[in-house]
Amino acid sequence: AGSMRPVAWCQFVLNRLVEADTYYSQLLDMVPNEYDYMNAGHLAWCLGNRQKAAELYLKSIEKRDGDLKAFLVAFNTDKVFLLQNSIDPREVRLMIDFLRIRYHENSAQA
């Protein structure tokens, strides 16, 4: 899995989304870490599946022991790649708002 991560990320950054999808699918079948979930979320979103992206982002937050702030720092670092893949900046803000709401709902239930 270790050598697949940089290859998957490079494929995504180079806008080779179909190739990246192959790698991220394999990574998610192994023992994914918080970055695997987040990056697979970016990819799903860029491929047009916003719902799957949100689910993967929530799993990334879970893998960070619920540290939403750490997730958002990493997410904002990657935002440029979402914008390069035609994700509307308003959609990015909506996704962040959605994740904040879901995170607060989940932590209130715990």
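**Exercise 1. Which residues of α2 are buried?** Work out how they sit on the helix, and what they pack against.

*Solution.* A quick reminder before you start: this is a predicted model.

- Step 1: Find the helix. Helix α2 covers residues 17-29, 13 residues in total. From first C-alpha to last, α2 reaches 18 Å, close to the 18 Å expected at 1.5 Å a residue.
- Step 2: Pick out the buried positions. Buried here means under 20% relative accessible area. In α2 that gives you Leu17, Ala20, Tyr24 and Leu27.
- Step 3: Look down the axis. The buried residues of α2 fall within an arc of 80°, so they line one face of the helix.
- Step 4: Find the packing partners. The buried residues of α2 pack against α1 (4-13) and α3 (34-46).

**Exercise 2. Now try α1: which residues are buried there, and which helices do they pack against?**

*Solution.* 

- Step 1: List the buried residues of α1, namely Met4, Ala8, Gln11 and Phe12.
- Step 2: Go around the axis. These residues cover an arc of only 100°, which puts them on the same side of α1.
- Step 3: See what they meet. The buried residues of α1 pack against α2, α3 and α5.

**Exercise 3. Describe the overall fold, then go looking for its nonpolar core.**

*Solution.* 

- Step 1: Tally the secondary structure. You get six helices and zero strands, in the order α-α-α-α-α-α along the sequence.
- Step 2: The C-alpha trace spans about 40 × 30 × 20 Å along its principal axes.
- Step 3: See how much is tucked away. Buried residues make up 39% of the 110 residues.
- Step 4: Go to the largest nonpolar core. It has 32 residues, and Trp45, Tyr57, Phe71 and Phe75 touch the most other members. The elements giving two or more residues to this core are α1, α2, α3, α4 (50-63), α5 (68-84) and α6 (89-109).
- Step 5: Zoom in on Tyr57. Not counting residues up to four places away in sequence, Tyr57 touches Met38, Gly41, His42, Trp45, Phe71, Phe75, Leu82, Met95 and Leu99.

**Exercise 4. Is aspartate 36 buried or exposed, and what does it contact?**

*Solution.* 

- Step 1: Check its accessibility. At 2% relative accessibility, Asp36 counts as buried.
- Step 2: List its contacts. Leaving aside neighbours within four places in sequence, Asp36 is in contact with Arg5, Tyr24, Leu27, Leu28 and Val31.

**Exercise 5. Where do asparagine 15 and aspartate 65 lie, and what is phi at Asn15 and Asp65?**

*Solution.* 

- Step 1: Most residues other than glycine have a negative phi.
- Step 2: Take Asn15, in the loop between α1 and α2. Its phi is near 65°, a positive value in a residue other than glycine. Asn15 is partly exposed, with a relative accessible area of 40%.
- Step 3: Move on to Asp65, in the loop between α4 and α5. Asp65 has a positive phi of about 55°, although it is not a glycine. At 76% relative accessibility, Asp65 counts as exposed.

Conventions
Residues numbered from 1 in each chain as written. Predicted model: local features only at pLDDT ≥ 70, side-chain atom pairs only at ≥ 80, totals over all residues. Heavy atoms only, no water. Helix = DSSP H or I, 4+ residues; strand = E, 2+ residues; numbered from the N terminus. Expected span 1.5 Å × (residues − 1). Buried < 20%, exposed > 50% of the residue type's maximum accessible area, 1.4 Å probe, protein only. Arc of directions from axis to C-beta. Contact = heavy atoms within 4.5 Å. Core = buried A, V, L, I, M, F, W, Y, C linked by side-chain atoms within 4.5 Å.
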